[in-house]
Amino acid sequence: MKTPIYLDYNATTPHDPDVISVMQPFLTEYFGNPSSSYLYGDQTKDAVNNARRQVASLLNCDPPEIVFTSGGTESNNYAIKGAAFNYQYKGNHIITTQIEHPSVLEVCKFLELNGFRVTYLPVDENGIVQITELEKAITSKTTLITVMHSNNEVGSIQPIEEISNLARGRGILTHTDAAQSIGKIPLDLERERVDLLSIAGHKVYAPKGIGALYVRRGTQLSALIHGAGQEQGRRPGTENVLEIVGLGKACEIARRDLKKNMVHMKKMKEKLYSMLQEKIKNIKRNGQQDRQLPNTLSLSIKGLDAHTIISKITDRVAVSAGAACHSDKIQISHVLKAMNVPEEWARGTIRLSTGRMTSEEEVDLASNIISEAVLKLLETNHG
Ligand SMILES: Cc1ncc(COP(=O)(O)O)c(C=O)c1O
C-alpha cells in the first residue's frame with residue numbers, strides 16, 4: 001500500500017538516516033553506564049558529553065548549561081515549576097500567553113491550584129504577543145515570563161529578544177518553549193538571552209522521548225525528579241544514552257544545514273500555498289509571513305469543517321486539523337480563538353507543515369488531492 005504524503009512535520013519528523021547510524025553502536029556495542037568509572041562507562045560518558053556540546057553549539061551556549069530530559073513536555077514542566085517554586089519567596093506571579101502548548105498551559109493551571117497567579121497574555125490577529133501588553137502585566141510579584149519561541153499551529157514567531165530584555169531589566173526570569181523553532185529558524189542564546197529554553201528531539205529528526213532544557217548558568221530550579229546526581233543533579237536517572245547521542249547528531253545537522261533547510265521548507269510551503277490558492281477561492285492563510293516559521297502553513301477554508309476535509313484525504317495526505325472534532329461538535333483551537341479568526345474560517349482550518357524531506361512531486365500531488373477534495377465538498381455544500 002502506498003503511504004500518505006507526509007505534510008505534518010510540526011507533529012513529528014522522521015529519523016534522519018545519519019542520526020540512526022550514530023545511534024546504532026549504542027544499541028549493539030556501547031552499553032556502559034555513564035556513571036561507571038571504567039572503559040564501558042567512559043565510552044558512554046564521552047558520547048553524552050559530545051552530544052551536550054553538539055546541542056550547545058546549535059543554541060550558542062555552554063555545554064554545562066544543557067540538561068537532557070525526556071522531551072519538550074518534561075523540559076517545560078521542569079523550567080516552569082522549577083523556577084516558580086524556587087523563586088516563590090520573591091513572588092507568585094507568572095506571565096504566559098493564551099497560545100502556548102498544553103505542556104505549558106497545563107503546568108500553569110497546576111500552579112494556579114498551588115497558590116500562584118498566572119496572566120495569560122492575548123495575541124494579535126497574527127498570533128504575536130504585544131510587548132506593551134506584557135509590560136502592563138508585570139507586577140512586583142512577577143518571577144517568571146514563559147512565552148513560546150514559535151507556535152506549533154500557526155507558526156508565529158514571538159519577540160523573544162525584546163521579552164528577555166524587558167524581563168532582565170526587572171530581575172524576572174524568562175523561559176521559552178522552542179520545541180518548534182529548533183532546526184527551522186536560528187536560535188542564539190547570546191542574542192535572545194532567555195534563562196531557560198526547551199527543545200524536543202522528535203521535531204528535529206531525532207527520536208521521540210528525548211529533549212533538553214537550557215538552564216542559564218546561575219539559574220536555580222527546584223527539583224522535579226529526585227534521585228542520584230546525573231545531569232549535575234538536575235535530572236536524576238541513568239542517562240538515555242542512545243537517544244542523547246541521536247539528539248546531539250540531529251542538532252549538529254540542524255546547525256550545519258539550517259540555511260539550506262529554511263530555504264527548502266519555505267519554497268515547498270509557498271508552492272503548496274500558491275497551488276492551492278490558484279484552485280480554491282475561499283481560502284486564506286493565518287499569520288504574518290515574515291514572522292512565521294518557514295515550514296508552517298495554517299490554512300483556513302471558509303464554509304467547511306477541517307475534520308470533513310481531512311476525512312476525504314487522510315489515506316493520501318497526512319495533515320493536522322486546526323479544530324478538533326469531539327463527537328459531532330467542532331472545537332476551535334485555543335490558538336485560532338486567541339487570534340480572533342472568525343468561526344466560519346476557523347472551523348475549516350488545517351495545518352500543513354513541510355520538512356527537509358518534502359519534495360516538489362509530493363507538493364504537486366498533495367495540492368491536487370487537497371484541492372480536488374475541497375472543491376468537491378464546496379460544490380456539495382452549495383449544490
Ligand atoms: C510547541 C511545543 N511544545 C512542546 C511540545 C511537546 O514536546 P514533546 O512531545 O517532546 O513532549 C510540542 C510537541 O508537540 C510542541 O509543539
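Visitor: Which residue is the bridge partner of Lys-284 in S10?

Guide: Please keep in mind that this is a predicted model. The bridge partner of Lys-284 is Ser-300, which lies in S10.

Visitor: What is the order of the strands in the open sheet?

Guide: The four strands follow the order S9-S10-S15-S12, and their pairing is antiparallel. At the edges lie strand S9 (283–285) and strand S12 (320–321), each of which pairs on one side only.

Visitor: Which strands does H9 touch where it packs on the sheet?

Guide: H9 touches S9, S10 and strand S15 (349–353), and its direction makes about 15° with that of S10. Helix H10 (residues 306–313) also packs on the sheet. H10 touches S10, S12 and S15, and its direction makes about 50° with that of S15.

Visitor: How are two packed helices described?

Guide: One gives the angle between their axes and the distance between the axes. Take helix H3 (residues 39–59) and helix H9 (residues 241–279): their axes come within 8 Å and cross at roughly 30°. Because angles under 35 degrees count as roughly parallel, H3 is roughly parallel to H9. Their crossing is left-handed.

Visitor: Which residues make the contact of H3 with H9, and how do they divide by class?

Guide: From H3 the contact includes Ala-47, Val-48 and Ala-51, and from H9 it includes Ile-244, Val-245 and Leu-247. By class, the contact has eleven nonpolar, five polar and three charged residues.

Visitor: At what angle do the axes of helix H4 and helix H5 cross?

Guide: The axes of helix H4 (residues 72–86) and helix H5 (residues 102–112) cross at roughly 30° and come within 9 Å. H4 is therefore roughly parallel to H5. The crossing of H4 past H5 is right-handed. Among the residues that meet are Gly-72, Thr-73 and Ile-80 in H4, with Val-104, Val-107 and Leu-111 among those in H5. This contact has five nonpolar, five polar and one charged residues.

Visitor: How many residues surround the ligand, and which are the closest?

Guide: The ligand is surrounded by 13 residues, and the closest are Gly-71, Gly-72, Thr-73, Asn-152 and Ala-200. Gly-72 and Thr-73 are also among the residues of H4 that meet H5. By class, the shell around the ligand divides into three nonpolar, nine polar and one charged residues.

Key. Residues numbered from 1 in each chain as written. Predicted model: local features only at pLDDT ≥ 70, side-chain atom pairs only at ≥ 80, totals over all residues. Axes fitted to C-alpha atoms, helices over the stretch in contact; angles between N-to-C directions. Helix = DSSP H or I, 4+ residues; strand = E, 2+ residues; numbered from the N terminus. Parallel < 35°, antiparallel > 145°, perpendicular 65-115°, else oblique. Left-handed = near helix turned anticlockwise from the far one by under 90°. Contact = placed C-beta atoms within 7 Å. Nonpolar A, V, L, I, M, F, W, Y, C, P; charged D, E, K, R; others polar. Near = placed C-beta within 6 Å. Pairing = 2+ DSSP bridges.
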